[in-house]
Every structure is written in structure tokens, then in C-alpha cells.
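Visitor: I would like to learn how to read the strands, helices and cores of a model. Please take the features in turn.

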Amino acid sequence: MYDYDLLVVGSANADLVVAVERRPGAGETVLGGDLAVHPGGKGANQAVAAARLGARTALLARVGDDGHGRLLLDSLGSAGVATAGVLTGGAPTGVALITVDPSGDNSIVVSPGANARLTPDDVRAAEPLLRSARVVSAQLEIPQETVTEVVRRLPEGTRFVLNPSPPRPLSPEVLAACDPLVVNEHEARVLLDGSAEDPATQARALLALGPRSVVVTLGAEGALVCDGSGVRRVAPVRVSAVDTTGAGDAFTAALAWRLGAGVPPAEAAAWAARVGAAAVTRRGAQESYPTADEVAALPG
């Protein structure tokens with residue numbers, strides 16, 4: 001019996017968000033709206049998204065002993081995320097600087113802060129937490145050697161989900177553990193050295209690198225699921241996007257939870273697409289994440 005449906009190992013940031021009419025080019029200054037500070041980070045986002053949907057969720061992360069760290073702990077606790085694995089100290093809490101244009105598209109620069117101090121030793125010390133979860137999810141806003149240690153410490157039968165963001169080359173050891181590897185089109189191109197522009201070709205090429213399965217998210221165009229049985233397209237959910245910040249994290253969290261519950265991959269991805277669609281209809285990341293009832297209420 002598992003204590004948690006999902007353990008997220010990853011980052012926790014304060015998101016500093018400014019709305020702009022358009023994002024600046026090189027050397028250009030543009031005026032924006034008022035600064036808004038939100039709890040974020042890909043790890044914390046996934047944990048909050050899963051918990052809000054009803055999954056029993058825990059987070060292994062590191063924050064600073066500062067106001068931003070307290071903001072994150074409050075947000076996690078309010079969502080029902082178990083925070084015993086959230087370590088404090090070592091550096092200031094990570095910060096993401098985000099600009100959002102009128103279409104809802106965003107650009108993000110991350111200062112890792114305490115996230116960069118989440119070490120393999122922290123993973124080894126948290127081994128009982130790893131054993132307590134049905135699914136473990138990770139991203140790359142923490143050191144890559146820490147993600148590798150997670151893979152090495154995975155108990156037999158525990159599913160591992162990885163969103164390699166920000167994208168960088170992955171070792172065969174990490175790739176072989178992914179079930180699935182979840183990427184958007186940009187991340188896919190980076191992992192494939194710029195080749196294979198067609199998403200279905202990208203999915204097959206990524207599968208050939210060694211993961212057990214691959215999901216390529218296509219934003220408003222849905223997603224692709226690829227495994228040994230082939231490539232299946234997941235239809236998009238049509239909504240009016242307000243802010244895409246954190247939508248991919250909501251998708252990945254929902255997908256990981258449903259896969260852990262035994263839902264077939266294409267069906268799990270279709271439900272995750274509905275979760276991501278609900279998230280883009282509100283501003284912010286964690287505060288935009290829907291409950292299961294809100295997902296069910298979406299049209300279509």
C-alpha cells in the first residue's frame with residue numbers, strides 16, 4: 001500500500017510576473033503592468049496541480065529561509081501537499097522572472113537559488129519517501145545528478161515520469177527509466193539536436209533513444225502519445241487562453257497520476273489535456289489549477 005499517489009522531486013520558485021503588450025527584443029526596454037508574485041517552480045506546480053485534482057501528493061524540494069520560501073510552503077499546505085520533504089536553507093528561494101503577452105504566451109528566466117542545492121545526498125536521505133509513492137515525477141530545474149540519483153533509488157515497480165525542462169542531454173540511464181518522457185515541441189527539438197520537425201517523427205525518434213514511452217505536448221493542438229504500439233493523437237480541448245504559465249506542469253501532474261492509477265496512456269493524456277486547458281483560462285500557475293469537478297465541467 002502506497003502512502004502517496006505521486007511524489008514530485010523538483011523545483012520550488014517564486015514567480016515574479018509582469019504583463020506586457022509585447023515581449024522585448026535584444027537591447028529593448030518595454031513598460032509592463034504591476035508586478036505580481038505567485039508561488040511556482042515546476043516541481044511545486046506539479047505537486048499543487050496533482051493535489052488539487054485529488055491525488056495524495058508529496059514534494060521533495062528545497063527553498064530558502066525567506067519570505068518566498070514561506071509563500072511556497074503556505075501554497076503547498078493549502079493545496080494539501082505533504083511538505084515533510086521540503087528542505088529549507090542553503091540559498092535564497094529560487095525565482096522565475098516571467099513576462100506574459102496579451103495572447104497568454106510567456107517567456108521565463110529562472111534563477112535557481114535553493115533549487116540548485118537539492119543534492120543526491122538529499123535524495124538518499126529521502127529514500128523512505130521514495131518508497132512510499134506509486135509514481136515519482138521530476139524535471140530539470142534541479143541538478144541533473146540529483147535526478148539521476150532519483151532514478152537509481154527508484155523502488156521496483158515505481159513509475160518514473162520526467163519532463164526535461166529546461167531541456168538538456170539525458171543519460172541513457174535516465175532515459176531508460178522514463179515512462180513517459182514528457183516534452184513539448186521545443187524540448188523535443190533540443191533533445192534531438194534540432195532534427196525531426198514533425199511531432200510524430202519527433203515522438204518516434206525520442207522513443208528510439210530509450211524511454212519506455214513518450215508524450216509530446218502540442219499546446220492548443222493537443223498531444224501525441226508514443227510507445228511500442230505506435231503513435232496516437234490526443235485531441236485538443238478548445239478554450240480561450242488567458243495565461244499559459246504552468247499549464248505544462250498541470251498536464252504532466254495529471255498524466256502521472258492517472259497513469260499510476262492504471263489508466264491507459266492515451267486516455268490519461270486526454271484527461272491531462274483537459275486539466276491543462278482548464279489551467280490556461282486563469283492567470284498565474286498554481287492558483288490557476290482546477291479541481292477534478294472543474295475539469296469535468298469543461299465542454300467537450
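Guide: Start with pairing: two strands pair if DSSP finds at least two bridges between them. Helices (H or I, at least four residues) and strands (E, at least two) are DSSP runs, numbered from the N terminus. This is a predicted model, in which local features need pLDDT of at least 70, side-chain atom pairs count only at pLDDT 80 or more, and totals for chains, interfaces and linings use all residues. Residues are numbered from 1 along each chain as its sequence is written, and side-chain values use heavy atoms, with hydrogens and water left out.

Visitor: How many bridges join E8 to strand E9, and in which sense do they run?

Guide: Five bridges join E8 to E9 (residues 159-163), and the two run parallel. Ala-138 has Leu-162 as its bridge partner in E9. E8 is also joined by five bridges to strand E1 (residues 4-9), again in parallel; there Val-9 has Ala-138 as its partner in E8.

Visitor: Is strand E8 largely enclosed or open?

Guide: Buried means under 20% relative accessible area, exposed over 50%, and partly exposed in between (1.4 Å probe, protein chains only). Six of the seven residues of E8 (residues 133-139) are buried, so the strand is largely enclosed by the rest of the structure.

Visitor: Which strands form the open sheet, and in what order?

Guide: The order is E3-E2-E6-E7, with mixed pairing. E3 (36-40) and E7 (106-111) are at the edges with a single partner strand each, so one side of each has no neighbour in the sheet. Strand E6 (residues 94-100) pairs with E7 in the antiparallel sense over six bridges, and Ala-96 has Val-110 as its partner in E7.

Visitor: What is Asp-122 in contact with, beyond its neighbours within four places in sequence?

Guide: Contact means heavy atoms within 4.5 Å. Asp-122, in helix H3 (residues 120-125), is in contact with Arg-62, Leu-87 and Arg-117. Its relative accessibility is 13%, so Asp-122 counts as buried.

Visitor: Which residues touch the most other members of the largest nonpolar core?

Guide: A nonpolar core is a set of buried Ala, Val, Leu, Ile, Met, Phe, Trp, Tyr and Cys residues joined through side-chain atoms within 4.5 Å. In soluble globular proteins, nonpolar side chains tend to be buried together. Here the largest core has 44 residues, and Leu-59, Leu-76, Val-81, Val-215, Phe-251, Leu-255 and Tyr-289 touch the most other members. Elements giving two or more residues to this core include E1, helix H1 (42-53) and helix H9 (247-260). H9 gives the largest share, eight residues. Apart from this core lies another, of 38 residues, including Val-151 and Leu-162.
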